[in-house]
Amino acid sequence: MSEKTTQLRESFVSALSAVDNMEALEAIRVEYLGKKGLVTELLKDMKNLSPEEKKTFGQAVNVLKEEVTEMVAGKREEIKQAEIERENNLMPEFDISAPANLDRGSYHPITLVQRQCEEIFRSMGFAVEDYSEIVTDYECFEALNIPKNHPARDMQDTYYLENGQLLKSHTSAAQNAIYKKYKDALINESKPIKAIFPGRCFRNEATDACHENTFFQMEGVMVDKNISISNLIFFMKTMLSEVFQKDIKVRLRPGFFPFVEPGFELDISCLICGGEGCASCKHSGWLELCPCGMIHPEVLRAGGIDPEEYTGFAFGLGLTRLAMMKYGVKDIRDLNSGSLKVLSQFTDDK
């Protein structure tokens with residue numbers, strides 16, 4: 001039986017060597033790792049084996065599955081780097097010795113808030129990661145316990161591309177890659193996974209004062225032994241008090257997100273209207289800021305982490321809405337408008 005796993009591994013390596021784009025990579029991933037993939041099909045042969053043979057063969061199939069998963073991840077990074085190099089080669093040359101005009105322009109309010117949050121979380125031992133805006137369906141949904149045709153997908157009206165990829169609808173799309181990147185240090189060196197990954201997200205939203213089709217989030221995760229909800233509350237309260245330089249009234253509401261269990265909505269009292277109600281907070285006095293919760297066991301398992309041994313929390317902080325609260329921006333559409341009248345007020349915050 002071990003010959004079958006060896007042959008299938010050799011077949012996969014040969015097929016993978018010919019892959020040079022994300023579309024082909026996703027196709028080969030589904031072919032081998034999908035629910036009806038070649039690796040999964042191997043398990044059907046176990047019914048005719050003795051108990052001892054089943055154990056040995058099952059271990060061999062699991063090893064093969066891990067190897068194929070790691071090779072797919074490695075190939076994905078290789079293709080991404082190749083795309084970056086191609087883009088860099090197309091960039092026009094410019095004179096780096098030319099003097100810069102440091103008095104021109106100002107940072108965008110979302111940039112200011114993002115950098116402040118990054119500094120706060122770095123001080124608490126979190127790594128700051130970056131991730132692509134174009135991702136696969138697996139990264140954005142399947143690895144987050146949202147299989148195809150699951151009703152939870154209706155919560156995010158997604159922009160799909162012709163090649164089967166999509167514009168990420170939430171920064172949670174990076175979770176699977178983060179777990180796989182740091183899992184060895186977690187398991188072998190007992191180093192907790194602590195990372196944030198800010199980025200731009202896209203949804204086909206009907207725009208109004210508090211909704212946009214392009215917005216910024218910052219995902220954060222922490223995984224270790226004995227992590228609880230109290231750890232999540234501590235880090236969020238610490239971050240908010242640092243950002244606003246005062247105590248902020250918050251509330252936790254039960255919320256459903258397939259990649260956390262239990263899940264919560266963390267709201268803050270609207271700082272624009274003082275909690276009295278306005279268009280920015282839908283006249284509720286509260287602004288939804290941070291979906292969060294304990295990472296679902298299936299999501300940890302997809303990232304190569306044993307949920308029986310490790311737990312963790314995850315949160316998705318709305319940087320756009322945080323900037324609105326911090327700077328008193330009443331209409332979210334102003335932040336993407338390019339209006340100098342709106343943005344010039346931040347000139348001094350460089």
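How far is the sulfur of C290 from the closest cysteine sulfur, and in which residue does that sulfur lie? The sulfur of C290 is 4.6 Å from that of C292, too far for a bond. The notes below take up this point and others.

1. **Basis.** This is a predicted model, in which local features need pLDDT of at least 70, side-chain atom pairs count only at pLDDT 80 or more, and totals for chains, interfaces and linings use all residues. Residues are numbered from 1 along each chain as its sequence is written, and side-chain values use heavy atoms, with hydrogens and water left out.

2. **Cysteines.** A disulfide here is a pair of cysteine sulfur atoms within 2.5 Å. By this rule the count is 0 disulfides. C117 is in none; its nearest cysteine sulfur, that of C290, is 10 Å away. Burial follows relative accessible area: buried is under 20%, exposed is over 50%, and partly exposed is in between, with a 1.4 Å probe and protein chains only. C117 counts as buried because its relative accessibility is 0%. C290 is also buried, with a relative accessible area of 0%.

3. Helices (H or I, at least four residues) and strands (E, at least two) are DSSP runs, numbered from the N terminus. Two strands pair if DSSP finds at least two bridges between them. Strand β6 (residues 250-254) runs antiparallel to β7, with 5 bridges joining them. A hairpin links β6 to β7 through 5 residues. R253 stands opposite E265 in β7. On to the next pair: β7 and strand β8 (residues 286-295) are antiparallel over 8 bridges. There, D267 has E288 in β8 as its bridge partner. Strand β7 (residues 260-269) is mostly covered, with 8 of its 10 residues buried. In a regular strand the side chains alternate between the two faces of the sheet.

4. **The β7-β8 loop.** A279 sits in the loop between β7 and β8. A279 is partly exposed because its relative accessible area is 46%. Contact means heavy atoms within 4.5 Å. Leaving aside neighbours within four places in sequence, A279 is in contact with A209 and C210. The C-alpha atoms of A279 and C210 are 7.6 Å apart, although 69 residues separate them along the chain.

5. **Largest pocket.** A pocket is found on a 1 Å grid over the protein atoms alone, as an open set of points where a 1.4 Å probe fits, with protein on both sides within 12 Å along at least five of seven lines; lining residues have an atom within 4 Å of a point. Grid points are joined across faces, edges and corners, and a volume is the space filled by probe spheres set on the points. The largest pocket holds about 1700 Å³. Of its 45 lining residues, T69, Y138, N176, K180 and A302 are the closest to the centre. Elements giving two or more residues to this lining are α2 (22-33), α4, α6 (137-140), α7 (175-189) and α9 (297-302). The largest share, 12 residues, comes from α4. By class, the lining has 14 nonpolar, 10 polar and 21 charged residues. Ala, Val, Leu, Ile, Met, Phe, Trp, Tyr, Cys and Pro count as nonpolar, Asp, Glu, Lys and Arg as charged, and the others, Gly among them, as polar.

6. **Second largest pocket.** Its volume is about 820 Å³. This second largest pocket is lined by 40 residues, and R203, Q217, E288, P291 and R321 lie nearest its centre. Two or more lining residues come from each of β5 (214-224), β6, β7, β8, β9 (311-318) and α10. β8 gives the most, with 6 residues. The lining of the second largest pocket divides into 19 nonpolar, 10 polar and 11 charged residues.

7. **Helix α4.** T56 is found in helix α4 (residues 51-90). With a relative accessible area of 47%, T56 is partly exposed. G58 also lies in helix α4. At 12% relative accessibility, G58 counts as buried.

8. **Helix α10.** Helix α10 (residues 319-327) is mostly covered: 7 of its 9 residues are buried. They are L319, T320, R321, L322, A323, M324 and M325. Just after α10, G328 takes a positive phi of about 70°.
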